[in-house]
Amino acid sequence: MIDSLDESGLPYPSVVRYEGEEVIVGREAREALEDVGLGVHGNTVRSPKFLLGQEAVTVGGVERSPIDIVADVIRHVRSESLTRSRRKALGAADRAVVTIPVNMNGPRRAALREAFAQADISIAQFVHEPFAALYGYIRGSDDPQSLVRKLKGRNVLVVDWGGGTLDLTLCRVEPGRIVQLRNGATEDVGGDQFDQVIRDEVVGRFAVRHGIEDTDVPTPEARLRLLQSAERNKIDLSYRQVVTFYTPGYFPQSDTALEYSLSRTELDEITRRLVESGIGKIDSLLESVGVAPGQISLCLVAGGMAAMPSIRSSLHEMFGPERVVIPKNSATLVSQGAAWIAHDSQTLVLAKQIELEMARGSRLPLLRAGTPMPSDGDVRHERFDLYCTDPTDGTAKFSIVTPTAIADQPQASDPRTFLGTTTVKVDTAAPPLVERLNLNVEIDDDLILHVNAFSTQRADRSKASYFDLEFGIALPNDDNTDPVDKTDQPADPPKGGLVVRANVAAEKDDDLIPGDVLYKSKPHAFARMPGRYQATEDQRLEHLYYKPCAVCKRQWGDPACRCATAS
């Protein structure tokens, strides 16, 4: 594996600067922000990946597509990589495994794919950034087999705390594979947010100390240069106790230079709210699947923020110092993981079965766990023909769920995670189990689940898309011989909340029709007539529940009813 780094031995900064027809990318663009007189803030874009999904942005008075801006970054990195390394070693570099934040939605993924296409690179596969980091950590270790044996049957949390996002993935190492249990992400506590808070607090404290008027406002260029200083000084405080901010003429009205000494203790105070918010996100992720911090055998930390002492100490407090690992290559671990996945020709698979909630609490598997994810240009497709068991409210409801825990054969009693619901209009005059429903399910090469529903009588269509899915990947050269330790299995997550009454079925079965609906179309089913279809006890109770007491007219189950008509 060949690391492609810039001349300073660090990853290429995601900064683009436009000066006329010239495009400047990377560290040169970032350093230009710190030099007085070189361009203006309006010509520079930081972290353009997070603009994907927007139609256009204005850069230096020129309207540009975020796709084009990201493509400029990709072209630069590819060109520099081919120049700095032996070209034969990298080959044409026209195909890539690309890592993405776990909360990057479908339109943004499609836009990123288009940006790579503009740079003449096809995307073989998308991989969540923290998931790639875990694969890279195992694959790049001195003894991958020993590490796998140590982690087999255990829970691993990957904390990828970078400049743009905090990305999380809770994984389990199983025989022959790594699977994701739950993902989480937020853009509210990324490194860029830290930089802005540090800059604004330093300016505010300096202004109070020196009596700077509120009307003495710095230029946008000066504010951006100070933002770069905040990022640099934040990094320096990882190994120093004090740093100094100095920007001459920062306050133009009074021509006052900003000079401020910031200690590590003061930095921790300024950023405490952001650190606590990020730790809270980790705690919420674990709680959502019933996993306690003590059930995490390894907390792997990646990303540029991993070196920040306050983040490191908070993770130590939560998981214990012996279980928190911050590799020396934490800043490049995500990209190295993607490289190993490409080298090993690995293909992601669905970690959990995708299911449709149906009448009477049954579930229809739509896509099985272990389904290989499509490569560029391919789609996994399944079609299902269903019936509506209860057209009373005029809608058929398609609720999509997935098992909360990992299971090769999920049981009906296992807890489920709700992905979403889509509905289509149905004919309210039709009897139950008459109107046909069509459901088409697809997963595309952007790892997006698409659900398309259609009702035959009303000819109504609806569609929904879901990107919050979990995946699995094969372990590199795993011997798959050691037994799995079950001691860290997550507990059932908290249950409760409202649910939608499922009203679709895969077959014509009167037992699936709710009792109150069945009575309208087949009242004789409740008459206990020999030789005729008889309602089930559940259906009789459902019919009575919606039918008031024949004597006192109170609702079924009302404690004030003493008429015993339910029996």
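User: How are helices H5 and H6 oriented relative to each other?

Analyst: Helices (H or I, at least four residues) and strands (E, at least two) are DSSP runs, numbered from the N terminus. Axes are lines fitted to C-alpha atoms, for helices over the stretch in contact, and angles run from 0 to 180 degrees between N-to-C directions. Angles under 35 degrees count as roughly parallel, over 145 as roughly antiparallel, 65 to 115 as roughly perpendicular and the rest as oblique. The axes of H5 (residues 129–139) and H6 (residues 144–151) cross at roughly 125 degrees and come within 8 Å; H5 and H6 are therefore oblique to each other. On the H5 side the contact (heavy atoms within 4.5 Å) is made by Tyr137, Ile138 and Arg139, and on the H6 side by Pro144, Leu147 and Val148.

User: On what basis do these values rest?

Analyst: The model is predicted: local features need pLDDT of at least 70, side-chain atom pairs count only at pLDDT 80 or more, and totals for chains, interfaces and linings use all residues. Residues are numbered from 1 along each chain as its sequence is written, and side-chain values use heavy atoms, with hydrogens and water left out.

User: Which residues of helix H10 are buried, and what covers them?

Analyst: An α-helix has 3.6 residues a turn, so residues three or four places apart point the same way. Buried means under 20% relative accessible area, exposed over 50%, and partly exposed in between (1.4 Å probe, protein chains only). In H10 (residues 309–319), the buried residues include Ile311, Leu315, Met318 and Phe319. Among the elements covering the buried residues of H10 are helix H7 (191–210), helix H9 (264–288) and strand S13 (296–302). After H10 comes glycine 320, with a positive phi near 95 degrees.

User: Which way do the side chains of strand S16 point?

Analyst: In a regular strand the side chains alternate between the two faces of the sheet. In S16 (residues 354–357), Ile354 and Leu356 point one way, Glu355 and Glu357 point the other way, and all are buried.

User: With which strands does S16 pair?

Analyst: Two strands pair if DSSP finds at least two bridges between them. S16 pairs with S17 (residues 363–367) in the antiparallel sense over four bridges, and proline 365 in S17 is the bridge partner of glutamate 355. These two strands form a hairpin with five residues between them, and arginine 360 in the turn has a positive phi of about 65 degrees. S16 is also joined to S19 (residues 395–403) by two bridges, again antiparallel; there, leucine 356 has isoleucine 400 as its bridge partner.
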